[in-house]
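Q: I would like to learn how to read a structure like this one, feature by feature. Could we look at it together?

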Amino acid sequence: MSSVKEWPETERPRERLIKYGAEALSDAQLLAIVLRTGSNGKTVIDTAIELLQRFGGLRGLEDASISDLKNFKGLGIAKIAQIKASFELGKRALSEKVQEQIFNSAETVYNYFFPSLNGLKKEVFITLLVDTKLRLLREVKVSEGTLNQSLIHPREIFKEAVKESAYALILIHNHPSGDPTPSEQDIEITKKLKKASEILEIPILDHVIIGSGKYFSMKERGVV
């Protein structure tokens, strides 16, 4: 297989990025730029594609441990460090951007979380700790897996809020089915947390369930 250097300039990832912008490149092409070189006789594009397939896309690659990546033939310490550093830079850039975001509606919450929660196979429960201007203080992943009251305990929800002196909380979780309609368990947990919030005087502003292309707001529907 020919080296990427032998490809037409318009097909080389770096040249395409400079000419058309990063948004014009596929996940594999962007990853190829991070990796810089291929391995085991494969081009860097082939290596990038194989990595994404092995770990189930960018989300899986980001979540992969150092040990998992070491087991991928052809990935050395340098490439593993490049991959991890690129994901961390992206998260930090997003964190700086979201600090300026005001979470004043369920739609705002949905637009922010849909890209990261869409397509997940498990339910992820997250709390947003916000200040008096509804700006993000901290994002806390409370649990991963089917929601139940043993996992979503008020103690775990409010512990970080007290620590951060948060003004209020916004609850978020996804439905892997794509249908954001709340279950009886969802509503029961929300009401339980609502009672705890009144005692602690840290209000829950909303509980937003993220579906595929739509959301359910407990506030808009009168649950909180």
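A: Gladly; let us start with a definition: a residue is buried under 20% relative accessible area, exposed over 50%, and partly exposed in between, using a 1.4 Å probe and protein chains only. Arg-135, with a relative accessible area of 34%, is therefore partly exposed. This is a predicted model, in which local features need pLDDT of at least 70 and side-chain atom pairs count only at pLDDT 80 or more, while totals for chains, interfaces and linings use all residues. Residues are numbered from 1 along each chain as its sequence is written, and side-chain values use heavy atoms, with hydrogens and water left out.

Q: Where in the fold is Arg-135 found?

A: Helices (H or I, at least four residues) and strands (E, at least two) are DSSP runs, numbered from the N terminus. Arg-135 sits in the loop that links strand 1 (124-130) to strand 2 (136-144). In sequence, 34 residues separate Arg-135 from Gln-101, yet their C-alpha atoms are 6.0 Å apart in space.

Q: How many helices and strands does the chain have, and in what order do the elements run?

A: There are nine helices and five strands. Read from the N terminus, the order is α-α-α-α-α-α-α-β-β-α-β-α-β-β.

Q: Which residues of helix 2 are buried, and how are they arranged around the axis?

A: Helix 2 covers residues 27-35, and its buried residues are Ala-28, Gln-29, Leu-31, Ala-32 and Leu-35. Viewed down the helix axis, the buried residues fall within an arc of 165 degrees, so they line one face of helix 2. That arc is taken from the directions from the helix axis to the C-beta atoms.

Q: How should I read the aromatic pairs?

A: Rings of Phe, Tyr and Trp (its six-membered ring) pair if their centres lie within 6.5 Å; planes under 30 degrees apart count as stacked, over 60 as edge-to-face and the rest as tilted. The structure holds four such pairs. In one of them, the ring centres of Tyr-110 and Phe-114 are 5.2 Å apart and the planes meet at 35 degrees, so the pair is tilted. Both residues belong to helix 7 (residues 106-117), where they are four residues apart, about one turn of the helix. Tyr-110 is buried because its relative accessibility is 10%, while Phe-114, at 22%, is partly exposed. Tyr-112 and Phe-113 give an edge-to-face pair, 4.7 Å centre to centre with 80 degrees between the planes. Here Phe-113 is buried at 1% relative accessibility, and Tyr-112 is partly exposed at 21%. Together with Phe-103, Tyr-112 and Phe-113 form one aromatic cluster.

Q: What about the salt bridges: how many does the structure hold?

A: Side chains of opposite charge can pair when their charged atoms come close. The cut-off for a salt bridge is a side-chain nitrogen of Lys or Arg within 4 Å of a carboxyl oxygen of Asp or Glu. The structure holds nine salt bridges. Lys-141 pairs with Glu-144, their closest N and O atoms lying 3.5 Å apart; Lys-141 is exposed at 53%, and Glu-144 is partly exposed at 46%. Arg-155 pairs with Glu-156 at 3.4 Å between the closest N and O atoms; Arg-155 is exposed at 52%, whereas Glu-156 is partly exposed at 31%.

Q: Which residues does the salt bridge of Lys-163 connect to in a network?

A: Lys-163 meets Glu-160 in a salt bridge of 3.5 Å, N to O. The two are three residues apart in helix 8 (residues 154-163), which means a separation of about one helical turn. Lys-163 is exposed, with a relative accessible area of 56%, but Glu-160 is buried at 11%. Through shared partners, salt bridges join Arg-138, Glu-160, Lys-163 and Glu-164 into one network.
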